[in-house]
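Please look over the sequence and the fold shown here before reading on. The report is meant to be read with both in view.

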Amino acid sequence: MVSYDLIIQELTNFTREEQIYREYYELIQKKQSPASFFARYKNETDYLSYLQHPDKIDSSPTEDKFINSGRNVSIVKHPRYFPFFYHKHDFFEIIFVLSGACTQIFEDKKIRLNTGDFCIMAPNIIHAIEVFDSSVVLNIVIRRSTFLDIFINTVRDKTQISMFFLSNIYEKNKVPYLLFHTGEDDTIRNYILDMYLEQLQPDEYSYRIICSILTIFFTQLIRLHRVNMEVPQSSDSRSAFETQVFNYIVNHYADLTLEQVAEQFHFSVPYCSRLIKKISGQSFSELQENIRLQQSENLLLYTQMSVADISDRIGFKNPETFIRMFRRHHQMTPSKFRKLNTEKRI
């Protein structure tokens with residue numbers, strides 16, 4: 001039986017890295033010279049480099065920096081007392097406060113996160129995080145393709161959280177984050193701890209188990225805490241009807257036409273075309289191609305389906321048409337894309 005208390009205690013203990021950062025932070029707060037500090041830890045070059053040259057911290061890390069090859073999810077403790085710095089990344093990230101509190105900083109505002117809070121961050125949003133005490137904050141990094149799989153193929157709903165992920169992939173007006181307040185809900189917390197524990201397993205099944213837990217986690221988060229969700233007030237206020245139209249396209253993209261969308265919602269074709277442009281910033285054909293491309297990338301990377309079967313799945317009856325579209329975006333064939341990315345993951 002899993003002892004969550006033991007996992008929490010392990011995460012609460014200060015690592016060597018955190019001890020060094022804390023000592024430096026306290027020196028600076030007391031306005032003391034760090035010369036003796038740097039002399040004492042001169043062999044800890046990895047840690048000292050961030051303190052001596054914070055401007056060299058990677059401000060645009062890729063998902064492969066955090067997620068091991070062959071994996072889709074990574075859960076790591078945010079190092080306490082790590083130097084403050086702004087950054088952005090091309091993947092979705094969840095900030096979870098296991099205990100205590102932290103400050104999440106955006107370009108235009110600060111938000112205080114407390115125990116049980118989840119801040120789900122969109123890609124390419126400039127932000128920073130402050131953890132300068134004994135609070136325990138976990139970073140959950142998930143590949144974009146995995147989000148796409150969960151929210152198109154698994155969690156087929158019309159809730160704000162589902163549309164948050166989809167809109168950040170396909171729309172022009174992006175919501176920077178969603179904030180959930182789960183308080184002392186141990187059920188939600190334990191899904192995160194289960195994934196953290198499972199990633200320590202080296203076998204070939206652990207990543208599948210983690211993705212399954214992740215799907216259940218999001219479903220339960222929606223079920224139990226959707227009323228406790230906050231959306232930035234500055235976010236685009238798309239109508240419920242526009243959300244319905246967008247959701248319909250995403251769920252029926254493979255064999256859908258603009259005329260069918262117009263008929264489904266009793267629009268004229270010109271009005272339907274303008275509405276889709278307003279929602280996504282793209283024409284219907286551009287949006288459909290974007291969805292097909294994202295789905296094909298996911299199927300190439302995480303299934304053994306043939307190129308012909310993938311072509312059929314995403315709505316191309318002729319594989320050559322699919323290959324031409326894929327080559328136009330990636331300057332390579334689907335088969336070469338799969339081969340190159342498989343080699344990276346080994």
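## Basis of the model

This is a predicted model, in which local features need pLDDT of at least 70 and side-chain atom pairs count only at pLDDT 80 or more, while totals for chains, interfaces and linings use all residues. Residues are numbered from 1 along each chain as its sequence is written, and side-chain values use heavy atoms, with hydrogens and water left out.

Helices (H or I, at least four residues) and strands (E, at least two) are DSSP runs numbered from the N terminus. Strand β8, residues 177-181, is largely enclosed by the rest of the structure, because four of its five residues are buried; buried means under 20% relative accessible area, exposed over 50%, and partly exposed in between, with a 1.4 Å probe and protein chains only.

Two strands are taken to pair if DSSP finds at least two bridges between them. Strand β5 (residues 117-121) runs antiparallel to β8 and is joined to it by five bridges, with Cys 119 standing opposite Leu 179 of β8. Strand β9 (residues 229-230) is also antiparallel to β8, the two being joined by two bridges, and here Phe 180 has Met 229 of β9 as its bridge partner.

## The open sheet β4-β3-β6

Three strands, in the order β4-β3-β6, form an open sheet with antiparallel pairing. Its edge strands are β4 (110-114) and β6 (127-130), each of which pairs on one side only. Neighbouring strands of this sheet are turned by 25° against each other on average, direction ignored, where axes are lines fitted to C-alpha atoms, for helices over the stretch in contact, and angles run from 0 to 180 degrees between N-to-C directions. Strand β3 (residues 101-106) is joined to β4 by five bridges, and Ile 105 has Lys 110 in β4 as its bridge partner.

## Aromatic pairs and charges over a ring

The structure holds 23 aromatic pairs, counted where ring centres of Phe, Tyr and Trp (its six-membered ring) lie within 6.5 Å, with planes under 30 degrees apart called stacked, over 60 edge-to-face and the rest tilted. Phe 14 and Tyr 81 form a tilted pair, because their planes stand at 35°, with ring centres 6.4 Å apart. This pair links distant parts of the chain, 67 residues apart: Phe 14 is in the loop between α1 (4-12) and α2 (16-29), and Tyr 81 in the loop between β1 (73-77) and β2 (92-99). Phe 14 is partly exposed at 22% relative accessible area, whereas Tyr 81 is buried at 11%.

Phe 96 and Phe 118 form a stacked pair, with 4.3 Å from centre to centre and 15° between the planes. Since Phe 96 lies in strand β2 and Phe 118 in strand β5, the pair ties together parts that are 22 residues apart in sequence. Phe 96 is buried, at 2% relative accessibility, and Phe 118 is buried at 0%.

The charged end of Arg 22 sits over the ring of Phe 14, 4.1 Å from its centre, and Arg 80 lies over the face of Phe 14, 3.9 Å from the ring centre; a charge counts as over a ring if NZ of Lys or CZ of Arg is within 6 Å of the ring centre and within 35 degrees of the ring normal.

## Helices α2 and α4

The axes of α2 and helix α4 (residues 45-52) come within 10 Å and cross at roughly 35°. The contact, meaning heavy atoms within 4.5 Å, is made by Arg 16, Glu 17, Ile 20, Tyr 21 and Tyr 24 of α2 and by Tyr 47, Tyr 50 and Leu 51 of α4. Ring pairs also link Tyr 21, Tyr 47 and Tyr 50 into a cluster with Phe 82 and Phe 85.
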